Amino acid sequence: LFISKLNPPLSDSNIYSVGTSFAGVVLPLEQVNSESEMQTLIADCLLQFNSWLLENLNRSMTIGQLVILLKLFLPWFVSTNAVHRERATECCRLLLKHFFDHVDLLLGQALSFPTFGCILAKFAPRTFDCSYKVRVASLDCIYWLFTIATVNLGHGRCYQDIVVDKLKRLTELLEFLLPDSQTRLMESLCELIEQRLPVEHMQQYMSVLTEMLTDDQASVSCAAATLLKSILINRGSMLTSEAETLFNTLLTKFTQQKMCLQTYAEALQAFCELGRHHLTVAVNRLLSESLPLSHAVCDCWRVLNRDSTMFAMVMDYLIEMITVEFDSDSDYSLTVCPIVPLSSVMATAAVKEAIQGVESNTVLLKYFPQLFATLMLQCGRIAGGVARQRGASANGASFRISPFITCGGIVVSTIRTLLVRARLDDVLFALTEADRWNDFDHSHHYPDAIYEVSKSIGMHYPEALPPIAAQLQEIASRNSSRCRLVMACVFSAFMKFCSSDDEQFAQTIFNGLMSSFSDQELLIRKMAVRGLGNMAHCDGKLFKYYSNLTVNSVIMGLDDSNDFKDEIAFEAMQGLSKLTAKCMPNQFAKVLTSVVLAIRPFFEKESGAIRSVAFNLLGNLSRFGRDSKFLEQVHSCMISVLLHLNDEVEDVCTVRPKLIIFIFILFFFFW
């Protein structure tokens, strides 16, 4: 006590140093329950310590001196010993009340309270402490804090703030006897702080609350998260440059995994509320994370997209980010391993988590055509590719990727997630049965995987086909051969489901296939021929309208000068076999002879699959032939037909019945 009366007086740093030493000795004194000399001694020590505090405050009755003395006790708030916390909060209450009662006031003149937000954030969550005494003392401290702040605005001691005075009526809730006591207490505190916390103290208030998210007491940490969420709901829009800092702090806290489950859930909601006001900052911050994404980052993406409105905004942002890369891509040849920008891969991974998070299936289905089209194009760009950074992210951060995951694997996972969340179980089953999942990331087989999933979408979700086709036409880069290939694959599958009921859609698909049929890339022409062959599945009216052009185009596929591996010829013969089932004899009358001439070389190819489709087509054509020139050409194929009746390849043997009919027709006309 005599130390406080020394002249010259102790400096601020000396007061803090001496006070820290005193607190370190007095506050941990073991509490004695029975009346004894030890209890009297402990009580006297606490009394003398309080007297020393008040004496120092009296010598300099300023906000600065009050803050120095309060800071002595802030470290004790996190003590696991309830007695330590009770004594610390009681000392703070004593200091605050004494300051209010004895400070000299200047009516009409505002005074500064620079650490108001910091100190308030230390006390507010303590109103949910496990100790009743701590809760009562903390609530009183909050009351005196706001009362002093009101006085500092230039009001007198007699001024009553009706909002602050409501705190006096909250004491009865601190016993937590009623089921809704804690809820009502939290609502009252949030309302008071939202109305009376000065804007200039928001940053320090929220900063201290984020530190308390990892408090050892679950009730206190959860209260801190709830208070943080509340202030962000009401005032998050006022943050500017502080928003990014707060996002960084929250993500750091999440990844440390030191929060209890309830606190973690509330803190994620706080992250979401901040993102509601600063969505671009939040998305860019999450996009700067490394791959694979941590559980905390995945949770942030999901909670951010739970709301339908925010999901729509995030999807627009991510899809735009991916499609911009389509336009800036170099035109990698279909046989060259593409270099994939990591920013685009990261955006694809984010799309997956966003899809996982959205709660409304209606909203997801609304975005399904756009998402499906984007993911198909992304699959075409990434399949078999390697990742390499291309530029920096929107916030200047560098993207990183683990060597244990592939770029294509991320796209496949996103496609699967989209189908699961859209409840397209039949499509998932079809892809699994066809064993196509691994093909999405295969440098040679991905076109067949895209064709297969598009065909399944047509079977089980036909209403999505027109918007998907429209999206593909809108976002696909015509300068990219991989984008053109994806369009050819999707349109080839969609051709099966065209009908005269939607002639505009049918015309879009047909024109797209015809454009692909004249493409310089052989693989694109191959998929176009496959799609034209699917015209056989269309209704009679539509088939009649397009059949002549379709048949002539497919026949041209039999004689592609660059088709060294007979890929286009294979699709053309398969397509012609399907078309013959619907065509009238007069549609083939003029081309029968030339078709037989064109397919004769394929009877002796090494590939059993080629021989099979060639003999199958010959058998199907036989029902049209009555012309002598055609029969002469067919007669010249007799030896090949007889030799391959017992072909070593089973696929060739499966067309044996048609070959027998073919032989019967020959005997009927020639003998």
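A nonpolar core is a set of buried Ala, Val, Leu, Ile, Met, Phe, Trp, Tyr and Cys residues joined through side-chain atoms within 4.5 Å, where buried means under 20% relative accessible area with a 1.4 Å probe and protein chains only. This is a predicted model, in which local features need pLDDT of at least 70, side-chain atom pairs count only at pLDDT 80 or more, and totals for chains, interfaces and linings use all residues. Residues are numbered from 1 along each chain as its sequence is written, and side-chain values use heavy atoms, with hydrogens and water left out.

The protein chain has 33 helices and 2 strands; these are DSSP runs numbered from the N terminus, helices being H or I with at least four residues and strands E with at least two. Of the 671 residues in the chain, 55% are buried. Among contacts (heavy atoms within 4.5 Å) with a separation of 6 or more, 76% join residues 24 or more positions apart.

The largest nonpolar core holds 222 residues, and the members that touch the most others are Phe73, Phe254, Phe368, Leu419 and Phe440. Helix 17 (residues 361-382) supplies the largest share of this core, 12 residues. Phe254, leaving aside neighbours within four places in sequence, contacts Met259, Tyr264, Ala267, Leu268, Phe271, Ala296 and Cys300.

Helix 5 is largely enclosed by the rest of the structure, because 7 of its 8 residues are buried. The buried residues are Phe116, Gly117, Ile119, Leu120, Ala121, Lys122 and Phe123. Between helix 5 (116-123) and helix 6 (132-152) runs a loop that contains Arg126. Arg126 has 1% relative accessibility and therefore counts as buried. Not counting residues up to four places away in sequence, Arg126 touches Phe77, Val78, Arg85, Val134, Arg135, Ser138, Met212, Asp215, Gln217 and Val220.

The axes of helix 22 (residues 481-494) and helix 23 (residues 503-517) come within 9 Å and cross at roughly 135°; axes are lines fitted to C-alpha atoms over the stretch in contact, and angles run from 0 to 180 degrees between N-to-C directions. Helix 22 is therefore oblique to helix 23, since angles under 35 degrees count as roughly parallel, over 145 as roughly antiparallel, 65 to 115 as roughly perpendicular and the rest as oblique. On the helix 22 side, Ala488, Phe491, Ser492 and Phe494 meet Phe505, Thr508, Ile509, Gly512, Leu513 and Ser516 in helix 23.

Terms used. Buried < 20%, exposed > 50% of the residue type's maximum accessible area, 1.4 Å probe, protein only.
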